[in-house]
Amino acid sequence: MYRRVSILLRKHFVSVLILCASIVIPFSAVKAADPAKGKQIFQQNCASCHNVHKKLTGPALAGVEGRWADKKLLHQWIHNSASVLASGDKYANDLFNEYNKTAMTAFPSLTNEDIDDILAFIKVEEAKPVGGTPKEGPATAGAKEQGSDNSLLFGIITLILAVVALILMQINSNLNKLAGDKEGHPTPEPIPFYKNKAYIALGILVLFMVGGYFTIQGAIGLGRQKDYMPEQPIFYSHKVHAGINQINCLYCHAGAEKSKHAMIPSENICMNCHKAIKEYSGPELFTAEGKKVDGTAEIAKLYDYVGWDAEKGKYTKPGRPIEWTKIHNLPDHVYFNHSQHVVAGKQQCQTCHGAITEMDEVHQFADLSMGWCINCHRTTKVQFADNNYYSIFEKLHQDIKDKKIDSVTVEMVGGTECQKCHY
Amino acid sequence: MEQKKYWKGLEELHNTEAHQEIVKNEFSEELPFESEGLLNATTPRRDFLKYLGFTTAAATIAASCETPVHKAIPYVNKPEEITPGVANYYASSYTIDGEYVPVVVKTREGRPIKIEGNTLSSITGGSTSAKVQGTVLSLYDVARLRFPTIGGTETTWAELDKQVSAALAGLGGAPVVLLSTSILSPSTKKVIDAFLAKYPNSRHVVHDPVSYSGMLLANEASYGKRTIPSYHFENAKAIVSLGADFIGTWLNPVEYARQFAQTRKVSAKQLEMSKLFAFESNMSLTGANADERYTHRPSEAGAVALALLAAVGGSVTAPKLDAKVEEGIKKAAAELKKFAGKALVVSGSNDVNTQLIVNAINNIVGANGTTIDWANPSGYRQGIDSDMTKLVDDMNAGSIGAVLVYGANPAYDYFDAAKFSEGLKKVKLSLSFNDRLDETTELCKFAAPDHHFLENWNDAQGKPGYYSFAQPTISPLFKTRAAQDSLLAWTGNTTAWADYLKAEWVAKLGSQEAWDKALQDGVVEPTTAPALGGASFSGDIAGAAAKISGAKKGGKYEVVLYEKVAIGNGRQANNPWLQEMPDPITRATWDNYACISNTLAKTFSAQLGDDYEINVEKKELKIKTNGKEIVLPMLIVPGIHPETIAIAVGYGRGKNIGRAAAGIGQNAYPLVSFNGQTFDYFTADAAVEATGKMYPVALTQTHNSYEGRPIIKETTLAEFSHNPKEVNEDRRELDKFGKDFRSDATLYSSHPYPGIKWGMSIDLNTCFGCGACTIACQAENNVSVVGKEEVGKGHEMHWIRIDRYFSGDENNPEVVFQPMLCQHCDNAPCENVCPVGATNHSSEGINQMAYNRCIGTRYCANNCPYKVRRLNWRDWNGADSFENNLYDVADMNDNLTRMVLNPDVVVRSRGVMEKCSFCVQRLQEAKLDAKKAGHPLKDGAAKTACQQACGADAIVFGNVNDKNSEIYKIRNEEQTERMYYVLEETHVLPSINYLAKIRNKDAAPKKAEKESAHKEEAHHA
């Protein structure tokens, strides 16, 4: 079966092998359009409807630049597709009709540079084999994960240069030898470089350092599962519920305000609406693999779980719980409280869960690592002036008054201390 | 102030070589290598390579493993009141064996995880005891019966009902007996009465394992009421305890300890304090807390009471007693007379005559109506011993048709258990409601297991008008059924017990709303407390005195039986928490033993100076008395009468009782004797000999030594009122450093505490050493149980221990209890030495412990002056990554037992250091609640588990930055004279302060003081 578990660890360990072999030195590519940045933007904004190789809600994006007559028009299309359609562009209108007259979401916030970044990313992606999964295509995945897609190229160049340098050194030493012979003081037979202890030691050292670096990175990533997107027992689309139908997150995840757990809603919450909503009539749904999903059949699955007979309009069987696959898994030694972040911290769900209203199938947006938590605690401001709880922090209040600081971060009130989260 | 020397054990007092050796070693054992030694092993290198290869391979496999897939399974229909992650609290009642403790049960996701006292009860006021705290673990006891049985095979309730009904119908008029311990529930009694009324000649026999029959009969003879009055220790200025351990085990200790504590709160402004005299044979918790304590032989208990009666003006003559005791009686009598009307005498004797004399004394000193309330009797114990002996006789005569056992366990705790067991065989229908296959249930044909009290509905009467309720806090775990339901069914009443109880109370209270409120509050009490009532004494003093004077004199040695604070009468013996709780006096765990004085020990050549206290192996003694013999290890307890051997009951349980209790200690109940009227819990003539064998006893008293550094401050009330400043004379040294000396003499910058700074204050005067805090902490913080063997190695895990210090006369020492837990030092020595920064300081003054960083170097424990850090030497919780490392001696890791774990606190794995966290999970929760509500943290909103459990309110906790907090006031306003820090001279700046102990006794003679100071110098020279 198609494995969707993308665990960084494995990619890292594989990349150790590849990268150690090619002795790639990390580069920071300075370029007008940055595919790495493009990837990020793509994942945040486009990936819910588009795939590079596959048709999802929207068309596959490979070769998209070639399909559009004018790059400017493409920019405009992304900014506001309706305006392009209105202009009567043939390609655009054909596309619109092909996709059941489903308009593409407008992204007025994306700059032209952002779009170019995305296009650059698509171009890089195009070059890779289709259907590359972590298992089937570890090499590409590994290279990709390093976030520098020119690495391989640079690696090869480096290798060639290194070989050339070696050859030149060899020639140099040969010439030296010849010169020495000519002058009458013969030099001893030079040790070939592969037997030269200094070279070997240097080689081992480099291998050790590079290998060590990636081993440690891999070890740190153990158990982390960013982008984890398991298949769920029911194809439940957050995009349909929270996005299109604008249902408040807290309607279902009521615990987020009260408890450490946000709570996966119990089936009776689903039935509040689905007693009436028996059919799915929204936009077509597709799985991540591009398989079409019958929304009505998914609702029927819910009825089966909960024991509801839709025709008779009553419960006819005892309900069974739905065994969802948990996506966001924190280690046991971490205490995390949703209500702390939602009520006291006034954080939006999207801060940690990403553009959930755009996701048909939910994936883990953040890596949920300690560094990620800490970074946020360092930069996020608490409701210092508004929440009277903080009135006891007299010195900080004084500092604000004295204009020594302009705001108070979570860290300044003890938010990065061990026992904030570990006990 | 006295400069006394404190010692935890006699070894320390005499500073023997063995003791010096043990204090040198932080960890009291060798490194766990095989004895042959690693270096002498035959193939150390190859083994090393093997292990290296294995670990590398294991790490590789572990690293390449798939991340496990977790399921999140929501409710189908979420109950409205449950929010996962948020605790619900339900009121309930602990009424086992006649104790009355209204409680509040904390449940998470539908499972009870912690018990607190119910603050709405005016009787116990939110207090609990170790036993009460421990019952939440008993709920998940794997040894509980899981279904009804007939002849030992599983059956259904329908089948059981059919067979029992048939058997009851076929008795042919033979009497049915319901045999129980004391029951406080009026509704249950009503159900029982209705059941018994159906069968002619039936009766309800109450058998209390530790009987108060003598008291009940004496009260009947004195006042015409066969009942236990309500005691009001809080009204007493002079209290005399004649062997009544009212702080630890007597009747309802939770209530009395709380009352007594109210009379012990002293400050420079409030100098009134009660005076407690104790006359006893062994060292009880009450004796340890007494201002003046005297020891006598167990057989002299009556004579002591008589002498006291004579001394307060009764017209009796008492037999001659030891000169010291007589002097004590004189003093006590003087005090009782001085505080007539505010005086109270209580006795632990089960002898009718002794109790009658005690009633006479109380009558003379005006206790009736002031400290003893006869108008509102309590009914905490109801068993009459002769009823029980008669029942056993009748059973043996074959005249009893049916015995239904409800809570009682006479096959274990009746003095002639063999006769009871024999008699039970002659009974046509034998049935037990008990929760496990205990000694009696094993012998019964039918087992109809009752619910645990946390699964059941119930009510309880503390005293007239004072009721407490119990409601299910969890669905029944097993196929058990409330005993009341069973009885109702066999009475032919089809009402369910829950409905029956509700109907009773809706009728009594007037409405459904009132009943709902009663359940919510947990208690129903009169709006105004009823007036205390006296009674006119009309007992036959002369007759009782004659019988006491005529009693046989004791032999060479005497044996006295007592209850331990944690294990009590043994009913809850299969509770690993309670088994591992160090006894307050002996500091021993997991066993009972023969407590003897040092004088007596010398006759077994186990005197001071040998390695007695250091080695876990203790000499075994064979004690012969009353034609019975019992073999137990000896334990030297300073302060026990030299000719007395004290043995705790509650041990030596049957093999089916459960893994924790089975095979631990010896059963001492067979040593009880029947004097024709009541049971005697002592024997007057015993022979003792050493068997020559050794037996290990896991003591904690010599663990964690302070090497004689002064850590206790103590003075007498007289000296304190004369010069309150004397207690902290030595702290004046600090004055020369100015007001703020905190950053002096340290390389490290001091920590700012911008918001909250947590602090704790512990009053040594109201800490009685009962251990409720230890068990509360264990329940709250998932503290591991390690078992006897590991305790013997000093590996116990308790985050709060109660150090017991002796001082003064080695034959009758004074005792101080000092709860010791992490002091959360502002200048913490442990923090500096951690190589991985696993322990560090928070901005709220908490010394944090990040378990996942800890690599177990133990540097921190070595550097801790208070010895409060605990290393997980083994995998107690199955928290290791590798399987089969689990070390569990008490079924603490069964999936059922693990339901008791607090989900907000992690379990720690092997090789990790842990210690008190100030219940940080509670602090965070309280802070979050305040943040969500948008107001500053209120004082008292955050309570630690130990603080909440303490019935005497000895522990105060709060934010010292808040000038309106109680803790701030104690430190800066109310108790400046008594407030001190332990080992303050080390400048570690602890966050916990102690309040000096004040003893209400005559000032010590100056000479003795000098002598002891001299002695101390000699030890340190």
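The following legends describe close-up views of a predicted model. Local features require pLDDT of at least 70 and side-chain atom pairs pLDDT 80 or more, while totals for chains, interfaces and linings use all residues. Residues are numbered from 1 along each chain as its sequence is written, and chains are lettered from A in the order in which they are written.

**View 1**

**View 2. The open sheet of chain B.** Three strands are arranged in the order S3-S4-S5 with antiparallel pairing (at least two DSSP bridges between two strands). S3 (88-94) and S5 (111-117) of chain B are edge strands with a single partner strand each, so one side of each lacks a neighbour in the sheet. Seven bridges link S3(B) to S4(B), and B:Tyr89 has B:Lys106 as its bridge partner in S4(B).

**View 3. The contact between chains A and B.** The contact (C-beta atoms, placed from the backbone, within 7 Å) involves 49 residues from chain A and 40 residues from chain B. H16(A) contributes the most to the side of chain A that touches chain B, with four residues.

View 4. S5(A) and S2 (residues 71-72) of chain B run antiparallel, joined by two bridges. A:Trp324 stands opposite B:Ala72 in S2(B).

How values were computed: Two residues are in contact if their C-beta atoms, placed from the backbone, lie within 7 Å.
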